[in-house]
Amino acid sequence: MTGETDMFEPFDPYADRLREECGVFGVLGHEDASALTALGLHALQHRGQEAAGIVTLDKDQFRAERHLGLVGDHFSNADTISRLPGMAAVGHVRYSTTGEPALRNVQPLFAELSGGGFAICHNGNFTNALTLRKQLIEDGAICQSTSDSEVVLQLVARSREKKIVDRFIDAIRQMEGAYALVALTNKKLIGARDPLGIRPLVLGDLNGAPILASETCALDIIGATFIREIENGEVIVCTPSGIESFFPFGRKPARPCIFEYIYFARPDSIVGGRSVYDVRREMGRQLARESHADSDVIVPVPDSGVPAAIGYSQESGVPFELGIIRNHYVGRTFIEPTQQIRTLGVKLKHSANKAIIQGKRVTLIDDSLVRGTTSVKIVQMIRDAGATEVHFRLASPPIRFSDYYGIDTPVREKLLAAKYSLEEMRTYIGADSLAFVSVDGIYKAMGYDGRDNANPQFTDHCFTGDYPTPLTDLSEDQELARIPRLVEVR
């Protein structure tokens, strides 16, 4: 086993992280709709950095701006906002879990339907989108993108229902998987959350204008008031005369994604009534209770490991220090020309603080371990800075299974915990010890006694292999049919 990057593979400092999903935002009935949407997307930028788009409704005219790159690269100037007039808007930031990062896949997608214009964007992944797409094309549909969102658009267009809301409901009844959808019509702002509530969506209010967003941090940035979460399986319809709710799937117990708390949501967001920051800090406390190592200093891998490291330090009594300094100005397209330079690539993003590290026994805290390649370099960097011992602790259980709900995990063969035992992983990354918080520990940090294996409280398939929905697009001979359930490393 080796921690070196393949000599023909460009080094990507973000390749060993879980890729964020996407973020959605919508507003109805505000004269600054496009500017508010741009600000909301800024707050949701952590959910997707490949592309951003906004569609506005100006009386009966829809206008769109869609670009590859960051929100600030395109939606921070007055000229762009002036091209997006109107009292209603929807916006999207994207990381492509399906469909290549091309302009044709940038959302919101828009089409003229028989009842008028219809713009749609979504966060998540439909696990039967390829199957439905194939059927649509065989029936004569012409697809302009490779995005899941276009499947919904096509189904809405082909629905025989008369009202646009009924057509929308007819479309999502045919979809499987995880999603939070926001759509804009000539008169309505529509939101929907999948039957299990795997992907998040919240409702806010700004001076009487309803706001839909992936996270509460997007409400905070524009000064909107948080009203409530959209319920699992709910379709919410906002019009100038009020708000209506529909539950086309009936009422089911919610199973939101546990990774919103571990990694994806911003620390200052409130998800499911819980402070994300507080939960992550408690995960660190639980990690310390389960697997404390004797050390002199607790060092987070910034920025993702910081809240958990604070909790670990508070529980263990070992001082918290910024032993690693993060460079926040690293681009995502840096390619090193030689093997010698590639081995230094981790220092583009992280540098050891020698004054804190030298001569110390260090406990490193991070939120998760994916492929392990970056962890190898970070452990070595800490040793090179003079640490006498390096103990690695992870504030999530081992990621053993791929995700199909909008998180871009590597194929299972590239997940370190799917291939190796705990001791083999420790050897691979070069740490003196390695430990993960347990599955039950995650649930305890969320306020439960543990995981209810009969009726799990969260969607946690990356750890347990317990996929809560059908995975229609997976072929029968794929690994899924052979995986065990609830395998845990303590």
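Helices (H or I, at least four residues) and strands (E, at least two) are DSSP runs, numbered from the N terminus, and two strands pair if DSSP finds at least two bridges between them. This is a predicted model, where local features need pLDDT of at least 70 and side-chain atom pairs count only at pLDDT 80 or more, while totals for chains, interfaces and linings use all residues. Residues are numbered from 1 along each chain as its sequence is written, and side-chain values use heavy atoms, with hydrogens and water left out.

**The chain overall**

- The chain's secondary structure comes to 17 helices and 21 strands.
- Out of 490 residues, 58% count as buried; buried means under 20% relative accessible area, exposed over 50%, and partly exposed in between (1.4 Å probe, protein chains only).
- Take the contacts (heavy atoms within 4.5 Å) in the chain with a separation of 6 or more: 68% of them are between residues 24 or more positions apart.

**The parallel sheet**

- Back to that opening pair: Val297 has Val362 in S19 as its bridge partner.
- S16 and S19 belong to an open sheet of four strands with parallel pairing, in the order S16-S19-S20-S21.
- At its edges are strand S16 (297–300) and strand S21 (433–436), each pairing on one side only.
- On average, neighbouring strands here are turned by 20° against each other, direction ignored. For such angles, axes are lines fitted to C-alpha atoms (for helices, over the stretch in contact), and values run from 0 to 180 degrees between N-to-C directions.
- Helix H10 lies across S16, S19 and strand S20 (389–394), and runs at about 165° to S16.
- Helix H15 (residues 422–429) also packs on the sheet, where it touches S20 and S21 and makes about 125° with the direction of S21.

**The antiparallel sheet**

- Seven strands make up another open sheet, with antiparallel pairing and the order S3-S2-S4-S1-S10-S9-S11.
- Strand S3 (61–68) and strand S11 (225–229) stand at the edges with a single partner strand each, so one side of each has no neighbour in the sheet.
- Neighbouring strands of this sheet are turned by 15° against each other on average, direction ignored.
- Helix H1 (residues 33–43) packs on this sheet, touching strand S1 (22–28), strand S2 (51–58), strand S4 (88–94) and S9. The direction of H1 makes about 25° with that of S4.
- Strand S9 (residues 202–206) and S11 run antiparallel, joined by four bridges; Asp205 has Thr225 in S11 as its bridge partner.
- Strand S10 (residues 209–213) holds Leu212, which is buried with a relative accessible area of 0%.
- Beyond neighbours within four places in sequence, Leu212 is in contact with several residues, including Val24, Phe25, Val182 and Ile236.

**Strand S7 and its partners**

- Nine of the nine residues of strand S7 (residues 177–185) are buried, so the strand is largely enclosed by the rest of the structure.
- S6 and S7 pair in the antiparallel sense over nine bridges, with Ala119 opposite Leu184 in S7.
- On to strand S8 (residues 189–193): five bridges join S7 to this strand, and the two run antiparallel. S7 and S8 form a hairpin with three residues between them.

**Helix H4**

- Ala129, Leu132, Arg133 and Leu136 are buried in helix H4 (residues 129–138).
- These residues cover an arc of only 100° around the axis, which puts them on the same side of H4; the arc is that of the directions from the helix axis to the C-beta atoms.
- Facing away from the buried side are the exposed residues Leu130, Lys134 and Glu138.
- The buried residues of H4 pack against strand S6 (116–126) and helix H5 (148–158).

**Nonpolar cores**

- A nonpolar core is a set of buried Ala, Val, Leu, Ile, Met, Phe, Trp, Tyr and Cys residues joined through side-chain atoms within 4.5 Å.
- The largest one has 43 residues, and Phe259, Ile262, Met283 and Phe463 have the most contacts inside it.
- Another core lies apart from that one and has 30 residues, among them Met175, Ala183, Ala192 and Val237.
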